[in-house]
Amino acid sequence: NLKNIKPHAMFTVFFMAVFLMCSIATYQGFEDIISAIAALTCAMALSRTKPSGYRFFMLLNGLLWLIYDLCVGAYGMMFSHIITFASAGTGIIRLEIKKTK
């Protein structure tokens with residue numbers, strides 16, 4: 001974004017396909033579907049050109065990882081996912097919602 005270079009759509013598709021293949025290869029239960037969707041939201045966030053799109057996908061990403069953490073008992077990772085979720089939520093409130101008012 002700093003150099004005004006738009007991400008190539010094929011890179012996004014490639015990374016999403018790799019994330020899905022890894023998720024399918026390691027699938028063991030329902031909670032793995034949550035982590036697969038969370039990985040896809042990360043790929044979508046990183047491919048956004050608008051900050052609002054990035055914030056939306058990162059908010060969703062943080063929420064999905066929090067749900068996953070609770071399902072599998074990965075309490076050590078919850079702190080970083082809470083920070084991700086809160087940061088994206090704060091950005092949406094401050095830069096999207098309050099800006100339009």
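Tutor: We will take the labels one by one, each with its rule.
This is a predicted model, in which local features need pLDDT of at least 70 and side-chain atom pairs count only at pLDDT 80 or more, while totals for chains, interfaces and linings use all residues. Residues are numbered from 1 along each chain as its sequence is written, and side-chain values use heavy atoms, with hydrogens and water left out.

Student: How many helices and strands are in the chain?
Tutor: The chain has 4 helices and 0 strands. Read from the N terminus, the order is α-α-α-α. The rule takes DSSP runs, numbered from the N terminus: H or I of at least four residues for helices, E of at least two for strands.

Student: What are the spans of the C-alpha trace along its principal axes?
Tutor: They are about 45 × 30 × 20 Å.

Student: Why is Thr12 called buried?
Tutor: Its relative accessibility is 14%. Buried means under 20% relative accessible area, exposed means over 50%, and partly exposed is in between, with a 1.4 Å probe and protein chains only. The value for Thr12 falls under the 20% limit, so Thr12 counts as buried. In the whole chain of 101 residues, 30% count as buried.

Student: Where does Thr12 lie, and which residues does Thr12 touch?
Tutor: Thr12 lies in helix α1, residues 9-25. Leaving aside residues up to four places away in sequence, Thr12 touches Ala43, Met44 and Ser47. Contact here means heavy atoms within 4.5 Å.

Student: What makes Arg55 and Glu96 a salt bridge?
Tutor: Their closest N and O atoms are 2.4 Å apart. A salt bridge needs a side-chain nitrogen of Lys or Arg within 4 Å of a carboxyl oxygen of Asp or Glu. The 2.4 Å distance is within 4 Å, so the pair qualifies. Arg55 lies in helix α3 (residues 51-72) and Glu96 in helix α4 (residues 78-100), so the pair ties together parts that are 41 residues apart in sequence. A search of the whole structure finds 1 salt bridge.

Student: Are these two partners buried or partly exposed?
Tutor: Arg55 has a relative accessible area of 15%, so Arg55 is buried. Glu96 has 26%, so Glu96 is partly exposed.

Student: How do you know that the count of disulfides is 0?
Tutor: A disulfide is a pair of cysteine sulfur atoms within 2.5 Å. For Cys42, the closest cysteine sulfur is in Cys22, 13 Å away, so that pair is too far for a bond. For Cys71, the closest cysteine sulfur is in Cys42, 19 Å away, which is also too far for a bond. By this rule the count comes to 0.

Student: Why are Cys42 and Cys71 called partly exposed?
Tutor: Cys42 has a relative accessible area of 27%, and Cys71 has 46%. Both values sit between the two limits, so the label is partly exposed.

Student: Where is Cys71, and which residues does Cys71 touch?
Tutor: Cys71 lies in helix α3. Not counting residues up to four places away in sequence, Cys71 touches Glu31 and Ile34. The C-alpha atoms of Cys71 and Asp32 are separated by 9.9 Å, and these residues are 39 apart along the chain.
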